[in-house]
Amino acid sequence: MGSEAISFYLFGAIAIGASLLVIAQRNPVYSVLLLIASFGALSGLYVLLDAPFVAVIQIIVYAGAIMVLFLFVVMLLNAPHEDTEHDERVHPLLRPGPMRFGAFLALVLAGELWWALGRGGDTGAFPGGAVSSVRVIGRSLFTDYAFPFEVTSVLILVAMVGAVVLAKRDNPRDRRDRGGL
Amino acid sequence: MTALLIAQILLTLFVFIALLHSAAAMVWVERRVAALLQQRRGPTRVGWQGLLQPFADVIKLMFKEELRPRAADPLLFALAPIISATAAFSAFAVVPFGASTTFFGLLDQPLKLQVSDVNVAVLVIFAIASMGVYGIVLAGWSSNSKYSLLGGLRSSAQMISYELSYGLALASVLLIGNTLSLTDLVNGQSGVWFGFIPRWFLFLQPFGFLIFMTAGIAETNRAPFDFPEAEQELVAGYHTEYSSMSFAMFFLAEYINMVTVSAVATDLYLGGWHGPWLPESLGWIWFLLKVAALLFFYVWMRWTLPRYRYDQLMAFGWKVLLPASVINLLVTAAGVLYFGL
C-alpha cells in the first residue's frame, strides 16, 4: 500500500469517526470540536486530490470561521449536557414527529448515496482542467459559474439581512412584555 | 539526496529552536524597552544586562504548581494551551527567511531557507492563524470563570473582525505580486527603482502596510488592542486560571505569533531578504534586521499607546479599517488592470 493510500484511509477513518462522534457526544462543545477535526481530515483528503487551494479554503472558511461562530453560540447559550435518562420531559427532537422526519431524511440520503455510488466509472475530470491552480478556479468561478456564484452570494446576503432583522428587535413595548430581555 | 534531506530536517529543527529563543529574546527586549521608555532600568541582574532573565523565568515557571479549577473541563483545559502553541509554531513553517543556499558548497543542490514551500503559502498562514483562535476560546470556556470566558469571547470576536482587514490587505499584495507563494512574492521585490529606492511592495502599498500592521497587532492581541487580557477589567483574560507551564505556552504563543506576523510583513512588504551590500547568500541577515525592526515597533507601540475601549476597537475594525482595506483593494486592482504595475 502506497503512502497515498495509507493517508487516504487514515484521513477517511478520522473524518468518519469524528463525524460519528459528533452526534454521539452529549456535550455540545465537544461535538463542535469533533466537527472541526472532521473538517481537518476532509481538508487532508483534498490535499491528496491535488487541490491544495480547496483544502486551505476548507480550513479557513469551515474549520476556522464558521465553526468559531458555532462554538460562540454553544458557549453563549451555555447549552446543558443532553442527559436524556435524567430528563423528565422528552427532548423536542426525540418526539415521534421529528424522529419520523429524521428517518425519512436518512432514507433519502442513503438512496442518494446508493445512486451516486452506482454511477461508478463515470469519474470524468473536472471540466475546467486541473483544480490545483488558483488561477483556473478563479477563472471558471467568474466565467462558467458566474451565475451560481452570484446567486450564492445573494443567498448569503439574504441570510445576513434575516439575521439582523431577527436579532435587532428593539421595540421598547416588546421588551417590556418579555420582562426586560 | 540524503544530504539534502538531512539538511532539511536540521533546518526544521533550527527553525523550531530559533522560534523558542526568539520568544525568550522578545521577553527580554520587551522588559528592557519598557524600562527604557519609563525611565527605569529593567532586569539587569541575571546574566550580562539581564539577558538570562527569560531563562530564569522559564525555570521558575517549570517549578510552579500546575493548578486547575475544580469546575474546569479537564480535557479542554489541558488542550487549549497546546492548540495555541502548536498553531503559533506551525504558522512559521511556510515563511521563507532567506534565498536558496548550498551552505558554501556543502550541499550539491541549493536548499530553500524555508521549512516547506507550499504554493498557497499565504493562505496556509491564514488557515493556521484561524486555528489559533480555538486555543484562546477553549481556554476561556473550559476555565469556567467569568473573566476567562469574557476574555475568550472578546478575543475571538476581535480576531474574526480583524482577520477580514488583514486578509484584504494581503490580497492587494497578492494582486501586485501575481502569485500566492511567499518565495515568489519576495523575489518580485528584488532590485531598485531610479537607482536608489528598493522595489519593496511597501512603496506600492503604503496604506496596505498600515492596515496589515494594525490588523496584525489586533490579531496577536497586543496593546493597544490587548482586550483578551485587559488587566483592569478581566484580571488576565483567557489565561486567568492558568499557571506554570500551561501559562507559559500561552505566553510563548503570543510572542511567536508576533515574530510570525513581523516575518510575514517583512516578506510581503519589506522585500524579505533583499538588501544592498550583502551577497544573496547572506540575505538572511537583512531579513533578521527587518524583523527585529518591526518587533521593536511592536514593543514601542505597547508602551506608548493606551488601550482602546472595547466598543472603540470594534467600531474601528468594522467602520474604519475594513472600508479602508476594501478601497485599498479596489484601487490596487484598478492599478494592476489599467497600468499593469
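**Helix packing and chain contacts in the predicted model**

In chain A, helix 1 crosses helix 2 in a left-handed manner (left-handed if the near helix is turned anticlockwise from the far one by less than a right angle, right-handed if clockwise; helices, H or I of at least four residues, and strands, E of at least two, are DSSP runs numbered from the N terminus). The model is a predicted one, in which local features need pLDDT of at least 70 and side-chain atom pairs count only at pLDDT 80 or more, while totals for chains, interfaces and linings use all residues. Residues are numbered from 1 along each chain as its sequence is written, and chains are lettered from A and ligands numbered from 1 in the order in which they are written.

The axes of helix 1 (residues 3-24) and helix 2 (residues 28-48) of chain A come within 8 Å and cross at roughly 155 degrees, where axes are lines fitted to C-alpha atoms, for helices over the stretch in contact, and angles run from 0 to 180 degrees between N-to-C directions. These two helices of chain A are therefore roughly antiparallel (over 145 degrees; under 35 is roughly parallel, 65 to 115 roughly perpendicular and the rest oblique). Among the residues that make the contact are Phe8(A) and Phe11(A) of helix 1 and Leu34(A) and Leu35(A) of helix 2, two residues being in contact if their C-beta atoms, placed from the backbone, lie within 7 Å.

In chain B, helix 5 (residues 146-177) and helix 8 (residues 206-219) pack at an angle of about 150 degrees, with their axes 8 Å apart, and are therefore roughly antiparallel to each other. Their crossing is left-handed, and the residues that meet include Tyr162(B) and Tyr166(B) in helix 5 and Ile211(B) and Phe212(B) in helix 8.

Between the chains, 13 residues of chain A are in contact with 15 residues of chain B. Helix 3 (residues 52-77) of chain A gives the most to the side of chain A that touches chain B, with 11 residues.

The largest nonpolar core has 110 residues, of which Val56(A), Val124(B) and Ile125(B) touch the most other members; such a core is a set of buried Ala, Val, Leu, Ile, Met, Phe, Trp, Tyr and Cys residues joined through C-beta atoms within 7 Å, and a residue is buried if 20 or more other C-beta atoms lie within 10 Å of its own, exposed if 12 or fewer, and partly exposed in between. Leaving aside neighbours within four places in sequence, Val124(B) is in contact with Val56(A), Val94(B) and Val118(B).
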